[in-house]
Amino acid sequence: MVQDEGSSSSVTSSPLQNFSNMPLHPAAASPTPPWMMRELRSDERGLCLIHLLLNCAAAAAAGRLDAANAALEHIASLAAPDGDAMQRVAAAFAEALARRALRAWPGLCRALLLPRSSPTPAEVAAARRHFLDLCPFLRLAGAAANQSILEAMESEKIVHVIDLGGADATQWLELLHLLAARPEGPPHLRLTSVHEHKDLLSQTAMALTKEAERLDVPFQFNPVVSRLDALDVESLRVKTGEALAICSSLQLHCLLASDDDATAGAATDKDRRSPESGLSPSTSRADAFLGALWGLSPKVMVVTEQEASHNAAGLTERFVEALNYYAALFDCLEVGAARGSVERARVERWLLGEEIKNIVACDGAERRERHERLERWARRLEGAGFGRVPLSYYALLQARRVAQGLGCDGFKVREEKGNFFLCWQDRALFSVSAWRGRRFD
């Protein structure tokens, strides 16, 4: 792991340990003049930034745009997208707050933001690959998921895996190796990958097909070009006689945005009539989708989600939670990459920064980054008919072996009631859980 000389893991130290107790009302702030701010030590600057950010969020939530603007002016003299972890995360949240304030003037908002409103699909894909390398939480989640799939598919001859976020081949390349090493020989593997961009699916197909041929694993790739909230489950082409596994990595929370859309349908008529799935006429889009997945009879479904609460209706509540959460991720990047790293900058701007902007600046159906904790997902999954499958001890060993091989003590895997929590220091950032239809119990 690379770290700049003289830098430290600043975000998980004193500033963020105390920020939740700080006052949120703008009147409580006594802004330090910019010339004094530049003289502050790193820890003092971090505390001041947190204080200003929280007051700015409170002002924005209350519609006091003059107070929000004053706070942003002070933040600008302290924050820096190429500074230490606290300066970087403050810059990202300040941009998100500024975008929210600009929404009061739609003309200005369109003129200033639309020309470069979001990164391209290729840029997002590159940022995700860099995130996998620099903060390999999803590598740990993939190792646990693959082990669960391997165990569920023991002795099966035809295996169908549905990947609900199929833009990256890394996890499935590892699964091909695991299946090739089975004592009874590899099964016929059919992988269905869902993603809204055809080019990324094509790249995944090429990489996996080439490796499957090299390993002599019978393989078929089924691309489904669709957003998850528009997915027709019939397009997944599940066939009788194949053993089905479903994997969802950081995807399901986007379905919760549909519940804010007045035009979003609830369940289909078929879903509404299904007493087994537990769905009712008031079922939300997410619940209906989970019920449809249950209807496919998967032997196992592995779900990875952000372990965070970013779906509160009020801005201040989700801002505080998001600041705490993303500060830990920026701190992880501070330890994992030099401050001048191009890859780190891409992750912070094209991936994490975009998520922060969506959480803070957007409302209604536009706000898609609606992360919720595992306990809430568990209630939804159980309501749709799924039963818990404890992740195995061997899956825990696999994930911890990957974590230990990273050369950094900050990455940890915690097991609770058969679920895994992927942590930076002592903060859980992602959860991994396994489920199956109760008809298999």
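Arg128, Phe131, Leu138, Leu250, Gln306, Tyr325, Leu329, Leu351, Leu352, Glu355 and Phe430 line the largest cavity of this structure. Helix 7 (121-134), helix 13 (315-336) and helix 14 (342-361) each give two or more residues to that lining. The model is a predicted one. Its protein chain has 441 residues, and 54% of them count as buried. The chain holds 16 helices and nine strands.

**Largest cavity**

- The structure has two cavities of 30 Å³ or more.
- The volume of the largest cavity is about 70 Å³.
- Helix 14 gives the largest share of its lining, with three residues.
- Sorted by class, the lining of the largest cavity has eight nonpolar residues, one polar residue and two charged residues.

**Second largest cavity**

- The second largest cavity holds about 30 Å³ of space.
- Its lining is made up of Trp172, Leu175, Leu176, Leu189, Leu191, Leu208 and Phe219.
- Helix 9 contributes three residues, the largest share of the lining of the second largest cavity.
- The lining of the second largest cavity counts seven nonpolar residues, with no polar and no charged ones.

**Aromatic rings**

- The count of aromatic pairs comes to seven.
- One of the pairs joins tyrosine 325 and phenylalanine 430: the ring centres are 6.4 Å apart and the planes stand at 70 degrees, so the pair is edge-to-face.
- This pair links distant parts of the chain, since tyrosine 325 lies in helix 13 and phenylalanine 430 in strand 9 (residues 427-437), 105 residues apart.
- Both tyrosine 325 and phenylalanine 430 are buried.
- A cluster linked by ring pairs takes in Phe93, Phe137, Phe319, Tyr325, Tyr326, Phe411, Trp424 and Phe430.

**A charge over a ring**

- Arginine 380 places its charged end over the ring of tryptophan 377.
- The distance from that charged end to the ring centre is 4.9 Å.

**Contacts across the chain**

- Take the contacts in the protein chain between residues at least 6 apart in sequence: 77% of them join residues at least 24 apart.
- Alanine 395 and alanine 144 give an example, as each is listed among the contacts of the other.

**Alanine 395**

- Alanine 395 sits in helix 16 (residues 393-404).
- Its relative accessibility is 0%, so alanine 395 counts as buried.
- Neighbours within four places in sequence aside, alanine 395 is in contact with Ala144, Gln147, Glu151 and Phe420.
- The C-alpha atom of alanine 395 is separated by 6.8 Å from that of serine 148, although the two residues are 247 residues apart along the chain.

**Alanine 144**

- Alanine 144 belongs to helix 8 (residues 137-152).
- Alanine 144 is buried because its relative accessible area is 0%, and the cut-off for buried is under 20%.
- Beyond its neighbours within four places in sequence, alanine 144 is in contact with Ala395, Phe420 and Val432.
- Alanine 144 and glutamine 398 are 254 residues apart along the chain, yet their C-alpha atoms are separated by 6.7 Å.

**Positive phi in loops**

- Serine 155 has phi near 70 degrees, a positive value in a residue other than glycine.
- The loop that holds serine 155 runs between helix 8 and strand 1 (158-163).
- Arginine 237 is another residue other than glycine with a positive phi, near 55 degrees.
- Arginine 237 lies in the loop between strand 3 (219-225) and strand 4 (243-249).
- The relative accessibility of arginine 237 is 42%, so this residue counts as partly exposed.

Key:
Residues numbered from 1 in each chain as written. Predicted model: local features only at pLDDT ≥ 70, side-chain atom pairs only at ≥ 80, totals over all residues. Heavy atoms only, no water. 1 Å grid on protein atoms, 1.4 Å probe; cavity = no way out; pocket = protein on both sides within 12 Å on 5 of 7 lines; lining within 4 Å. Points joined across faces, edges and corners; volume = space filled by probe spheres on them. Helix = DSSP H or I, 4+ residues; strand = E, 2+ residues; numbered from the N terminus. Nonpolar A, V, L, I, M, F, W, Y, C, P; charged D, E, K, R; others polar. Phe/Tyr/Trp six-rings, centres within 6.5 Å; stacked < 30°, edge-to-face > 60°. Buried < 20%, exposed > 50% of the residue type's maximum accessible area, 1.4 Å probe, protein only. Lys NZ or Arg CZ within 6 Å of the ring centre and 35° of its normal. Contact = heavy atoms within 4.5 Å.
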